[in-house]
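Reader: Could you take me through this model, one topic at a time?
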Amino acid sequence: MKKTFLFVFAALLLTGCKFLDFDETSGIYTREDMYKTYDNIRSMLTNIYGYMPNKDIADVSSALRDCGCDDAEYADPDASVQYFNNGNWSPLATVDTKWDLYNGIRAANEFLESIKTVDLSIYQYDVKYQLQMEHIKYYPFEARVLRAFYLFELARRYGDIPVPLTMLSIDEANTIEKTSFDKVIEFIVSECTECAENLPQTYVGMLDDEYGRVTKGFAMAVKAKALLYAASPLHNPSNDKAKWSAAAKAALDIINYNYYSLDPGVKANNSTSPEVIMVVMRSESQSFEKNNFPVRFTEGARTSMGGTFPTQELVDAFQTAAGYDITLTDKGWQTDDPDFDVTKPYEGRDPRFANTILANGMPFKGSQIETFEGGADYSATRSGLCTATGYYLRKYIQETTSFTPENNVSNKHHWIVYRYAEALLSYAEAANEALGSPDATDGTLTLSAREALNQVRDNAGMPKVDGGDSADFREAVRREWRVEFAFEDHRFWDVRRWKIGADTQGRISGVKIVRKSGGFEYSRFTVESRTWSEKMYLYPIPQNEVFCNGNLTQNTGW
């Protein structure tokens, strides 16, 4: 049986400002003790993994970040994720701050310092000693990549950030200055480049056959992702082609690595898919389904508002199976697809639609979804816990989860951090911008942007994107990002790195479905008007951190 590398917190949590010293007085072990045995060293590394961000906003509502953009609405109007949408966001009322990632960074710095002097030779006659030493040699590189990944997570939220690379004293922590975004990316790239050369492809076949650990592929992925963000309009206002070229080359390195491949099956919750490069694995639970099942399938377990409801804007991003655009208006569906049946608008769509969204008439748990007026999954008010948009979430949902007392079933959830399709779309986007054409190649970028994009579409069962200039292709790639990675924590960030918030975040829509004799009548309606301003491209630094450290100048507009 293969074992899972569980991400659990060791009892090393820090308090107060974010860079405090290791506290040896609060537990039964000293810092020296924690590096005297293999198991303790492994626990120290596991603690660093424990800071891997979830896909949700870290509040009691467990709302997906997609509810803070035009892909979804969250059921509870008072949930903190709504601050992204209603203008109540501020340095005093923060959302998804992840400033506590500095705890993870400090844990990595402490680990990297302490691992230098580890000597376990006293155990050399143990039967597992050699295998354990084989593992430990990777530990520093795992810690460095995790540190780089946490810095990226902070930088994409805040832009310029502090970059502590040693254990800081309180005085040092409270005076450290910001490093520019570009310099942060340079450090991430340097770290990941070196670590990738010293990490294995997989840990399967080694001690414990572990999944979910930092590999060569993930180090390459963090590098490619960081460079893509650095090249994007938010951080590349002059459209420096060299930045796009570097991003494309990093993505091409993953493609040419030839270790990962596209998977036509479902990747969500599938840690062994050949497409998955990194997942965050969680133990069995029912909370995600409790929040996101249509309420009648929760058997009364959900008593408060919850639920991620996809928007009509996201639904409209999914083309017909023949590759035609289709849009819902206030007078019904419009498409140029001559073979599409507008009386059955959720059939004959991009196959990814059914893996992402539950819509009226779709099968679910031995029943059919009914979001038409008066249907079993419809409510005229949000207080009914039913969909606000006419749609429910499908991706990541474990349908076998059950809340019935006689057949109570929980399931594990594996949240995708990076998969191979992202490398292909990163390359398609970056190569098009670097070379000025979706069909161009050069001595370094030997794959055309169009070929990379169409590999993803072909894997999904969609026709190729043909024709059009660089601007047309840019829009095609952006659509592909949206549908391929819906609810995988991309759209929220893509809106920001592309700087399209003003055009996309002002309103979300839903579908009104009325049952008529012989069929249904569909129309579009406005679910919610939302607030957007330029300052929202970056997060506000929490005010308590600014109070602690006067060198943490607040981001513009906040």
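Author: Helices here are DSSP runs of H or I with at least four residues, strands are runs of E with at least two, and both are numbered from the N terminus. This is a predicted model, in which local features need pLDDT of at least 70, side-chain atom pairs count only at pLDDT 80 or more, and totals for chains, interfaces and linings use all residues. Residues are numbered from 1 along each chain as its sequence is written, and side-chain values use heavy atoms, with hydrogens and water left out.

Reader: Where is Tyr83 found?
Author: Tyr83 belongs to helix H2, which covers residues 83-86.

Reader: Is Tyr83 buried, exposed or partly exposed?
Author: Tyr83 is partly exposed, because its relative accessible area is 26%. Buried means under 20% relative accessible area, exposed means over 50%, and partly exposed lies in between (1.4 Å probe, protein chains only).

Reader: Which residues does Tyr83 touch, leaving out those up to four places away in sequence?
Author: Tyr83 touches Asn88, Trp89, Ala93, Thr94 and Val95. Contact means heavy atoms within 4.5 Å.

Reader: Turning to His490, where is it found?
Author: His490 is in the loop between helix H15 (470-484) and helix H16 (491-497). With a relative accessible area of 5%, His490 is buried.

Reader: And which residues does His490 touch, with the sequence neighbours up to four places away not counted?
Author: His490 touches Lys225, Glu422, Trp481 and Phe485.

Reader: How many residues of H8 are buried?
Author: In H8, 16 of the 16 residues are buried, so the helix is largely enclosed by the rest of the structure.

Reader: How do the contacts with a separation of 6 or more divide?
Author: Residues 24 or more positions apart account for 70% of those contacts.
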